[in-house]
Amino acid sequence: MDYNKEVIDNILNLEISGDLIGENNGPGLVELLNDEINKGITKCAIDISGVRYMNSSGIGVLITILTKLRNKDGEVVLINPSEQVKKLLIITKLNNIFTIYDTKEEAIASFK
């Protein structure tokens with residue numbers, strides 16, 4: 001898994017690609033998020049269009065990110081999940097918990 005981050009208008013933008021398997025990558029993503037929260041960031045848009053596969057630990061990472069930000073009165077949105085990941089979100093009913101947008105622009109606009 002690879003990820004890029006940038007902060008625009010006090011919104012953390014994460015772009016994740018590859019396989020989101022929490023055991024290997026989760027601690028790094030959560031640590032990155034903790035650093036950003038300590039800087040005052042409470043909004044996060046995660047582009048998961050490049051995620052091919054996600055296991056239960058990967059789902060756990062997304063839920064951890066969501067929980068940490070909501071505890072700070074923040075929010076997380078997901079951007080453009082692949083069909084396979086979208087099915088997984090529906091099966092786990094996480095599509096009711098996460099707001100999902102088709103584009104980064106829509107996701108950023110939702111925070112304003």
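I began with K86, which is partly exposed at a relative accessible area of 30%. I used these classes throughout: buried is under 20% relative accessible area, exposed is over 50%, and partly exposed lies in between, with a 1.4 Å probe and protein chains only.

I noted that this is a predicted model, in which local features need pLDDT of at least 70 and side-chain atom pairs count only at pLDDT 80 or more, while totals for chains, interfaces and linings use all residues. Residues are numbered from 1 along each chain as its sequence is written, and side-chain values use heavy atoms, with hydrogens and water left out.

**Entry on charged pairs**

I looked up the salt bridges, each a side-chain nitrogen of Lys or Arg within 4 Å of a carboxyl oxygen of Asp or Glu. By this rule I recorded seven salt bridges.

K86 forms one of them with E83, at 3.7 Å from N to O. I found both residues in helix α3 (residues 83-91), three residues apart, about one turn of the helix. Helices here are DSSP runs of H or I with at least four residues, strands are runs of E with at least two, and both are numbered from the N terminus. E83 is exposed, at 53% relative accessibility.

I then turned to K39 and E36, whose closest N and O atoms are 3.6 Å apart in a salt bridge. Is E36 buried or exposed? I found E36 buried, at 3%, whereas K39 is exposed, at 59%. A network of salt bridges links K5, E36 and K39.

A further pair is R70 with E75, at 3.0 Å from N to O. R70 is partly exposed at 37%, and E75 is partly exposed at 24%.

**Entry on strand β4**

I next examined strand β4 (residues 75-79), where four of the five residues are buried. Which strands pair with β4? Two strands pair if DSSP finds at least two bridges between them. Strand β3 (residues 43-54) runs parallel to β4 over five bridges, and A45 stands opposite V77 in β4. Strand β5 (residues 99-101) also pairs with β4 in the parallel sense, over three bridges; there I79 stands opposite Y101 in β5.

Finally, I checked the crossovers. A crossover is right-handed if, with the strands pointing away from the viewer, the path from the first strand over the helix to the second runs clockwise. I recorded a right-handed β-α-β unit made of β3, helix α2 (residues 56-70) and β4. I also recorded a right-handed β-α-β unit of β4, α3 and β5.
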